[in-house]
Amino acid sequence: MGPRDELARPLRDLRLSVTDRCNFRCPHCMPRERFGADHAFLEREELLSFEELTRLTRVLVGLGVRKVRLTGGEPLLRRDLHRLVEGLAGLEGVADLALTTNASLLASQAERLAAAGLGRVTVSLDALDDPTFAMMADTRVPVATVLEGIEAAEAAGLGPVKVNAVVRRGRNEHAIEDLADWGRRTGRTVRFIEYMDVGATNGWRMDEVVPAEEILARLRRRFALEPVAAEAASEVAERWRHADGAAELGVIASVTRPFCRDCTRARVSAIGELYTCLFAAAGTDLRGPMRDGADDDQLAARVAAIWSGRRDRYSEQRAEGTPTHQKVEMSYIGG
Ligand code: SAM
Ligand code: SF4
Ligand code: SF4
């Protein structure tokens, strides 16, 4: 059902960026030198309203979307986010409604997000010790606050929470074992993500990528692990399980083993541009037509036309050595 792109990939997943702002300054995402006090973030009226976001999602569900993830920037900075969740949870056809967050503000919001119909939460946490975490996230928020957010989410019924950790060479490699051990002790899935060349500001270098192969080798030296079969082709993580059954682990090899051929994701930026790849150079404005009175059929036709012409496979091209172009910031289009 719905359009297929030029590589026969359907549209199934939607990532909505609800704000370009963040209270952290992770150097791999929003380095402080580039996102300082003088950075011009979007004005409120530029952002898609909750009504616009819900309407757009309804139209995209009509084209095949089944999973919706709220992201950003830091989505919990968007005021009254639970109201948006309420609207999205009420849409027929959304099988999975999730949120990706740094969890710094999760403890106080978890209950109302759960009550509004949020399905689950993924938390980004790149280290368990405060000095490394402070360096990875460039924040004064302590790890304990993030852990409280995770616990609050689970207490509210949003668990089990999955944790994503970006691994950067020379910065948080020791967190690989720390986080895996924590996951095993607490029964939570931790997924390790290769550091990616998103955007144009993080000064990415291949030698700072710890390849998934190496992450796995480190994990297997320390823990007894067994592979877990993927449930769906579009799953991005390669899954493993502690042999004692205590928890799962994953590695997301976006750089060294790209998965573009199964990529069924679209992203909508906070101002309503549609991006068909995380590494796209440009998006297509959908807010303009919406505010100019386009009806749902016209919006659907516009999205279907874009999706049908989609050929993106940036990570595969990177792996083949044939990119590149100027890319948009991840905090802007939604990670
Ligand atoms: N602020 C929220 C958070 O951190 O969870 C949501 C947005 S953030 C852009 C989404 C995800 O992108 C996070 O898990 C973050 O670690 C990941 N990310 C950001 N920059 C990255 C990079 N250069 N390489 C790999 N993952 C990155
Ligand atoms: Fe903020 Fe998330 Fe980017 Fe870190 S990864 S700067 S928490 S948007
Ligand atoms: Fe999808 Fe683009 Fe990432 Fe490939 S590089 S998996 S097409 S978002």
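**Reading ligands, cores and salt bridges**

Q: Which residues surround ligand 3?
A: A residue is near a molecule if one of its heavy atoms lies within 4 Å of it. Ligand 3 is surrounded by Phe-259, Cys-260, Cys-263, Arg-267, Cys-277, Leu-278, Phe-279, Arg-310, Asp-312, Tyr-314 and Ser-315. This is a predicted model, where local features need pLDDT of at least 70 and side-chain atom pairs count only at pLDDT 80 or more, while totals for chains, interfaces and linings use all residues. Residues are numbered from 1 along each chain as its sequence is written, chains are lettered from A and ligands numbered from 1 in the order in which they are written, and side-chain values use heavy atoms, with hydrogens and water left out.

Q: How many nonpolar, polar and charged residues are in the shell around ligand 3?
A: Ala, Val, Leu, Ile, Met, Phe, Trp, Tyr, Cys and Pro count as nonpolar, Asp, Glu, Lys and Arg as charged, and the others, Gly among them, as polar. The shell around ligand 3 has 7 nonpolar, 1 polar and 3 charged residues. Around ligand 2 there are 5 nonpolar, 2 polar and no charged residues; Cys-22, Cys-26 and Cys-29 are among them.

Q: Which residues touch the most other members of the largest nonpolar core?
A: In soluble globular proteins, nonpolar side chains tend to be buried together. A nonpolar core is a set of buried (under 20% relative accessible area, 1.4 Å probe, protein chains only) Ala, Val, Leu, Ile, Met, Phe, Trp, Tyr and Cys residues joined through side-chain atoms within 4.5 Å. Here the largest core has 81 residues, and Leu-60, Leu-70, Leu-106, Phe-192 and Leu-219 touch the most other members. A second, separate core of 12 residues includes Leu-278, Phe-279, Ala-280 and Met-330.

Q: Where in the chain are Arg-169 and Glu-214?
A: Side chains of opposite charge can pair when their charged atoms come close. A salt bridge is a side-chain nitrogen of Lys or Arg within 4 Å of a carboxyl oxygen of Asp or Glu. Arg-169 and Glu-214 form one, at 2.8 Å from N to O. Arg-169 lies in the loop between strand S5 (162-167; strands are DSSP runs of E, at least two residues) and helix H6 (175-186), and Glu-214 in helix H7 (residues 212-222), 45 residues apart. Salt bridges that share partners join Arg-169, Glu-173, Glu-177, Glu-214 and Arg-218 into one network.

Technical notes:
Buried < 20%, exposed > 50% of the residue type's maximum accessible area, 1.4 Å probe, protein only. Helix = DSSP H or I, 4+ residues; strand = E, 2+ residues; numbered from the N terminus.
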